[in-house]
Structure formats: structure tokens, C-alpha cells
Amino acid sequence: MSLKIASINVNGLRNNKKRALVFNWIVSQNIDLVCLQETHCTHDETGLWNREWKENGGGESFWNCGTNDSRGVGILLRKDFTHCFDVSMIDNNGRIQIGEIKINTAVYHIINLYTPNNGSDRKHFFENVKNLNDLYADDSTDHYNVFLGDFNCALDRRLDRAPSHQNEDTGLKELKSLLLKFDLDDIWRSKFPKNRRQPDIEVCNDKKCNLLKSAFTEDKHLYSQKSSCWLQSLYKLKKLLYFDSLQVSYTAFEDSLKTFYKCKISNQLQHIKSNNTVKLRYYSRICSSFDLKAYLSFDIPKYERSLLTKIRISAHSFAIETGRYSKPKTLVTERFCKYCGDQVKDEDHFLLYCPLHTKTFEKGLIFSKI
Ligand SMILES: [Zn+2]
């Protein structure tokens, strides 16, 4: 016997259009049994939602209600689900739902979980789930427990959270113990071992995300009005990198972006080299590759490092630069050092030849004179 089971966090199903879309999509996937989390279903809607699931091509449906803006779990069966099925609820809080399937002498318990977002509640919840298994241990029949749902806890905070949290999620130890005891698996992680999970701001329940959520909503609104916004820039980048959709893995997007800018910067440096009068002429002479430069790792104060950067990118007030702004423009060969009189004051002159600065360097005051 084979049974196709799925688990989806639907992030609220109260919107009529969304509910119809989700129900239709589930039917099209030919799944025998679907466990839903975060339905936001209340007792007033269960009758309507049961009817709608059937009208959209489904079979029986069962709901453990939460509030109209939080929690709620549900189990949907396909239309031709013929096995004997019964549902029991351990809580009436919209967190746990247990479906029992009897096939010949075997009993299968499908345990649909929606774990609390709050750390201490989550820890407590995992401990209760661990005990839950004992209730259904029955040696007299073939008995199988299938735990699934939304565990709301990052197993690897670097890969599963973006941006990564500083500390492990509360309850991680308890979850790991559950995984071991019941031989559970993070299916998505098994399929994509090295991919980072996408940050999903819209479904984040953490209060810290509220501001970010509002900003994201506002940005989507601006984008729909074709105004300049972050989302618009993201779509432009997507077009630039030839991605058909924004639903690409974080690493693939990051790699493409790096390659794109490496090429762009190398081409620009090449262009500057062949055109001696433009800005960054000195930088293009000393730098020909796109990588971390050694001086950035020197053990010197940040201020001094930034002064070194200023010399490298010609963000200084040597005559070679100021001559560009005089009217009329001073010829490059006539941008003289005030001290020496007949030498062009460029970076080489400053660092290696100018007697004025040579004295300064000897005193160890190189940076104060840049
Ligand atoms: Zn000089």
C-alpha cells in the first residue's frame, strides 16, 4: 500500500480567492491526505470550508480551529479516499490534530503539528509531543505514527534563517531528541543539503519582523504603482542576470551577482587604463583583479586604512586631481607640486619622490598629511 501525504503551512486561508486557489492546487497534485497549518479557521467557518473543499474536487475535511488571525490545523482527504478514517484532537487550540487510518490489521496515526513561535512554549510543546507517542503505542497491532507539520524551529541557524540568528532557537535540543526518537527528517533539507532557506518576511510571526513586514507591504504597493522602490531594483537585477523568476536559490542569485559585477568592474578598469585622463587612472594601474586587497587586512586603525583607500582611488587633493577642476582645466603635465615647483604632484610623487613628504614619512606621520 502506498499513501501520498503532504504538509503545508498555508499562512491563513480566510481570503476566499486564496482558499479556492489553494484547494484547487491541492486537488491538482493528486495527494491522498494533506495536513495544513496556520489555517486561521474558526468554528464559524468549518461548515463552509468543508463544503468548498468538496466543491473544488476534494473529499472529507477536518479542522482544529485557532483564532481568525493565528493557529489552526486541518486535514484534507482526496475525493476517492477509501480507507477507514477518523480524527481526534489532543488540544482544542489549533495546534495538534491526529488522523487515524485503519488498513486491514494496521493502524496509522497521522499527527499534524503546528508548533508555537514563542521559545518557551515551543520547548514545552516538543516535550508534550514526545509523550504523545506513548498514548498510541499498541503492541497488539501493526502500528505506525507519522509526525509532520510546521516545527517552527531552525535546525541549522546559518542555513535555515536569513539573516542568521545569533543564538540557537529555544527548543532545538528537544526537537533534535524528537527527530531521533521518531526517526523524523527535514525533507526539504534532504533534497537541498546546502541551500539557504529563503527569508519569508510575510509569514514571519516574530514581533521583530513587524516593521520589516510593513516596509515590504509598502514596497509591493509602490511597485504596483510603478514607482521607484527596492522591489523594482530587485526585478531589474533579475532581468540583468537572466533569471526568469525571483524564486531562485539565495546562493545561485549571490553567485550570479558576484560574477556579473566582477566582469563589469574588470571591464571598467580596462577602459580606464586605455583612457589616461579619467578618474581612477591610478587605481587602474595598481589594481587589475577583483579580490580582497592585502592592505584591508593590515592591523592598522580603521582611519588610517581609509586614508590608504583615499590614495588608491585618488580621493585626495593632490594637484593631479585638483587640476581637473580648474578652469580652464590644467594639463596633466602641468599639475605641479607646490613644494617642488617642477614635478607633477601625483601619487607616485607624494609617496616616493617629494622631499617635503619624505621628511614626514621619516617621522612616521604619513597619514596625517594625505
Ligand atoms: Zn613635491
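These exercises concern the nonpolar cores and strand pairing of a predicted model.

**Exercise 1.** Find which residues touch the most other members of the largest nonpolar core, and which elements supply that core.

Solution.
1. The largest nonpolar core holds 32 residues. Val 34, Leu 76, Ile 110 and Leu 113 touch the most other members.
2. At least two residues of this core come from each of α1 (16-28), β2 (33-37), β4 (73-78), β6 (96-103), β7 (106-114), α3 (119-135) and α5 (172-182).
3. The largest share is that of β7, with 5 residues.

**Exercise 2.** List the residues that Ile 110 touches, leaving out those up to four places away in sequence.

Solution.
1. The criterion is that C-beta atoms, placed from the backbone, lie within 7 Å.
2. With sequence neighbours up to four places away left out, Ile 110 touches Ile 5, Leu 33, Cys 35, Gly 99, Ile 101 and Val 146.
3. Another core lies apart from the largest one and has 5 residues, including Phe 318, Ala 319, Cys 337 and Phe 350.

**Exercise 3.** Determine how many residues of β4 are buried, and which strands are joined to β4 by bridges.

Solution.
1. A residue counts as buried if 20 or more other C-beta atoms lie within 10 Å of its own. In β4, 5 of the 6 residues are buried, so the strand is mostly covered.
2. β2 and β4 run antiparallel and are joined by 5 bridges. In this pair, Leu 36 stands opposite Gly 74 of β4.
3. Strand β3 (residues 58-64) is also antiparallel to β4, with 5 bridges between them. Here Ser 61 stands opposite Leu 76 of β4.

Technical notes: Residues numbered from 1 in each chain as written. Predicted model: local features only at pLDDT ≥ 70, side-chain atom pairs only at ≥ 80, totals over all residues. Core = buried A, V, L, I, M, F, W, Y, C linked by C-beta atoms within 7 Å. Buried ≥ 20, exposed ≤ 12 C-beta atoms within 10 Å, placed from the backbone. Helix = DSSP H or I, 4+ residues; strand = E, 2+ residues; numbered from the N terminus. Contact = placed C-beta atoms within 7 Å. Pairing = 2+ DSSP bridges.
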